[in-house]
Amino acid sequence: MSLLVFTLIFPLLGAITLSLFPRMSYGAARTIGTASVGLSAATFALVAVFWSWSGGFPFIQTLWQWIDAGDFQVNFGLYLDGLSLTMLGVITGVGFLIHLFAAWYMVHDLDGKPGMARFFAYMNLFIVAMLLLVLGDNLLLLYLGWEGVGLCSYLLIGYYYETPANAWAAFKAFIITRIGDVFLAIGLFLLYVVFGTLNIQAILHAAPSVMTQGSALANIAALMVLLGACGKSAQLPLQTWLADAMAGPTPVSALIHAATMVTAGVYLIARTYGLFLLAPTVHELVAVIGAVTLVIAGFAALAQTDIKRAIAYSTMSQIGYMFLALGVGAWQAAIFHLMIHAFFKSLLFLTAGSVIIACHHEQNIFKMGGLRRKLPFDYAMFIIGGAALSALPLVTAGFYSKDAIIWETLASGHGLLWAAALFGALVTSIYTFRLIFVVFHGEEKTKAHAGQGLAHHLPLIVLAVLSTFIGAMIALPLDGVLPHEMAEAGHWVELFFEVLAAIVALVGVAIAALLYLGSRKTIDTLLASERGQRTWQLFHGGLGFDGLYDRVFVRPFLATAKAHEKRDWIETVVNIVPALSRGANTGLAAAQSGRLRAYAMIMFAGAAVILALLMFG
Amino acid sequence: MEFTFFLAGLIALVTTARVITCANPVHALLYLITSMLALAIDFYALGAAFAAVLEVVVYAGAIMVLFVFVVMMLNLNAETVAREKSWLRPKLWAGPSAAAGVLLLAMLWALISGGAEMGGITGAELSAREVGMNLFGPYVLVVELAAFLLLATLVVAAHIGRDEPNGVSDAAARGERVTSNVQVGESR
Amino acid sequence: MNELSMVYGMGLAALLFLLGFVGVVIRRNTLFVLMCLEIMMNSAGLAFIVAGARWAGPDGNTMFILIIAVAAAEAAIGLGLLLQLQKRFRTIDIDAASEMHG
């Protein structure tokens with residue numbers, strides 16, 4: 001069991017080695033970067049086996065004392081229970097597959113550049129930070145991982161930093177998630193003040209006795225955590241960064257912006273669920289945020305022309321489902337969907353990456369078309385991933401995870417949210433199959449070259465298998481960690497509503513087929529009209545949140561800054577300090593005249609004063 | 001004893017006053033030596049015969065001879081005396097004298113107000129033997145420190161007093177002479 | 001035997017010390033400054049002798065010997081500096097050596 005720490009050590013060693021030798025050859029960088037995560041995944045497997053053998057009790061591994069300042073003590077401790085084990089598996093397992101795929105993918109980015117150590121160093125560092133986030137036994141360690149993944153996300157979004165737009169996208173992602181981080185930090189301070197500790201289990205244990213149900217304190221603390229989670233998980237109102245984050249390499253989008261980092265918010269809320277149980281208002285808010293985000297992101301995904309941006313909006317929408325599940329108290333369903341989503345969304349992203357490479361870095365779906373004959377393998381993979389995303393009944397994993405959420409929403413009595421979720425499911429299958437039909441059907445527009453090699457095929461195949469009902473058979477050991485769902489399963493009502501959800505998904509596919517298969521006459525006339533054009537523009541821009549924030553926050557800030565550029569009373573106040581020190585400097589420099597006689601006089605005066613003090617004082 | 005003390009003290013004061021007002025360095029030195037000899041007499045009057053002898057031999061003898069050597073090396077003449085006089089303007093005296101007066105008043109006030117408890121001096125003879133026993137008894141560490149001090153002084157004096165071999169810093173201080181040398185070199 | 005009040009001895013030392021100080025401050029010639037320093041040292045020595053005589057012990061004389069050692073050291077270094085000053089600046093005006101001003 002003490003092997004647990006090695007899941008961290010391997011990627012850390014990898015990151016250090018890769019950053020110490022930035023000019024190493026591509027082969028070496030690829031081997032080190034992939035092998036370190038592979039070893040980490042193997043360690044996870046061992047840990048998982050030992051853990052379930054030993055009865056599945058929470059396991060704490062305290063490595064050393066991190067901070068010891070007065071009453072404030074923080075351990076560098078790892079905490080393993082069913083929830084962190086699940087996350088650990090997703091991060092190391094999916095992470096390894098994505099690293100493997102990246103080893104194939106990044107070859108096409110070499111262009112005579114020396115090595116790719118920087119890329120793999122960032123990726124390994126990301127794995128370390130993400131593992132710290134999910135394994136930390138206290139909120140400060142979690143926050144360290146939280147910031148670490150934010151940093152790696154920033155570095156990897158801006159990986160192609162030669163293009164200014166990519167650097168701006170990285171800035172945007174960093175700054176917007178940082179707004180959430182600030183709220184999380186405030187939440188941490190608040191929790192420390194209230195509980196006197198940052199240990200998560202201690203807080204959860206003490207919470208019911210310290211805070212009363214529904215008190216303002218509990219609500220504020222939960223709200224701060226929620227806002228932090230929103231920033232990281234790209235939920236309303238901090239969702240605008242995720243689509244732009246697609247500027248990074250595609251494996252990065254798969255690893256960070258689909259499978260792991262963006263789900264950190266879900267993990268955080270699940271981890272501190274006790275807090276949300278004490279704050280019913282904020283708990284409701286989680287569900288509302290999730291529902292609104294999933295609908296908005298679904299609309300935005302309908303009108304994307306960039307394959308990666310479309311998938312990014314679908315990620316946002318799926319995390320909305322997870323938030324919805326968290327908000328209605330379906331904790332286990334949320335984590336289950338998190339894992340399934342990690343499978344099929346990385347599959348989609350990796351396949352998209354494969355398609356992009358096959359089409360020579362073309363990302364516009366309307367310039368692809370008809371790829372199913374040239375890229376049958378990618379086509380199959382995309383169908384499997386898209387089917388899971390759309391939750392097509394029975395054969396896909398997404399069906400089991402997503403419909404559990406939709407059912408729980410209804411069962412917990414949230415009719416309106418249920419309608420939103422169901423509508424979201426309809427939109428999901430429309431945009432998913434729109435992608436498939438546009439990219440793989442219709443007339444051929446480019447010459448494509450299918451990807452080759454084990455590193456290309458293996459991750460896709462494994463993820464594809466996990467995206468089918470096989471993945472849904474994984475039983476998560478969450479019973480001791482998270483509360484059970486409220487609703488009874490297996491009821492005939494549930495059966496009815498599941499059938500309804502399945503029909504909705506299939507209707508979505510049918511609508512997409514109607515619009516995008518064949519001559520696309522309907523959609524063309526729809527878009528040609530003025531209203532259709534305006535709607536399309538609105539959806540294409542992510543429903544105008546960027547413009548809204550620009551008008552509400554950025555421009556007033558810039559205007560204020562500009563108005564005070566030269567004459568600023570704060571500056572006047574601040575300038576007192578340098579003026580004082582400059583005056584003191586002038587005075588002291590004058591005293592240091594270099595004239596011995598003046599010095600003698602000053603010494604004498606000092607002696608006289610001291611003598612006077614001794615005599616009369 | 002009192003008579004001797006006061007007379008010698010008066011001589012010391014007068015000659016010291018002349019030291020600080022005199023413009024000619026040689027005269028000032030002679031006044032200073034006289035002042036030290038007078039102080040030696042005061043020491044003797046207070047019973048410290050050994051200290052008196054040391055004052056004459058070491059202070060008035062050795063240290064002052066050092067000053068005399070330096071005065072000889074400085075090539076003083078009537079011109080320097082005139083310049084010295086020009087430096088001694090009455091305006092300069094006011095400030096330091098006032099400050100010294102204030103401190104003197106303070107010290108005298110302290111002495112007089114505490115004078116009753118101070119007691120008197122009998123002027124009993126103190127032999128050199130006692131001083132020696134004291135030096136190499138309880139004060140031996142201080143003697144060692146004094147030895148360190150003198151050794152350090154030796155090193156420092158040797159360092160400061162030496163001539164710069166190639167005169168780099170010399171030349172920098174006297175830029176005009178360097179240029180003249182160069183001109184000589186060119187004309188050759 | 002008649003007793004001499006310690007006040008006179010100490011007063012003489014104070015007067016000599018202050019004369020020396022006035023000399024240090026008003027003279028610009030480094031040679032005179034050094035001489036005045038000697039006067040101040042000497043007056044300190046006198047104060048020790050007076051105090052030693054008052055309690056009829058050898059400690060005052062001991063300290064006087066140490067003062068002589070310090071005075072000798074100071075004179076040696078001071079005069080060495082004086083010669084360097086003369087050599088580099090062609091003057092013994094102590095204000096000329098004020099290059100370490102702030």
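Contact is taken here to mean heavy atoms within 4.5 Å. In this predicted model, nine residues of chain B are in contact with six residues of chain A.

The area buried between chain B and chain A comes to about 590 Å², and carbon and sulfur atoms give 94% of that area. On the side of chain B that touches chain A, the residues divide into eight nonpolar and one polar, with no charged residue among them. Across the interface of chain B and chain A, the rule accordingly applied to charged side chains finds zero salt bridges, and the count of residue pairs in polar contact between these two chains, with both residues at pLDDT 80 or more, is likewise zero.

Within chain A, Ser354(A) has its place in helix 15, which covers residues 331–358. With a relative accessible area of 1%, Ser354(A) is buried, because a residue counts as buried under 20%. When its neighbours within four places in sequence are left aside, Ser354(A) is in contact with Phe101(A), Trp104(A), Asp378(A) and His456(A).

Two cysteines, from chain A and chain C, were also examined for accessibility. Cys359(A) has a relative accessible area of 4% and is therefore buried, the cut-off being under 20%, while Cys36(C), at 0% relative accessibility, also counts as buried. A disulfide is a covalent bond between the sulfur atoms of two cysteines; over all chains, the structure holds zero disulfides.

Note on methods. Residues numbered from 1 in each chain as written. Chains lettered and ligands numbered in written order. Predicted model: local features only at pLDDT ≥ 70, side-chain atom pairs only at ≥ 80, totals over all residues. Heavy atoms only, no water. Buried area = accessible area lost by both parts, 1.4 Å probe. Salt bridge = Lys/Arg side-chain N within 4 Å of Asp/Glu carboxyl O. Polar contact = N/O pair within 3.5 Å; in protein donor to acceptor, adjacent residues only side chain to side chain. Nonpolar A, V, L, I, M, F, W, Y, C, P; charged D, E, K, R; others polar. Disulfide = S-S within 2.5 Å. Buried < 20%, exposed > 50% of the residue type's maximum accessible area, 1.4 Å probe, protein only. Helix = DSSP H or I, 4+ residues; strand = E, 2+ residues; numbered from the N terminus.
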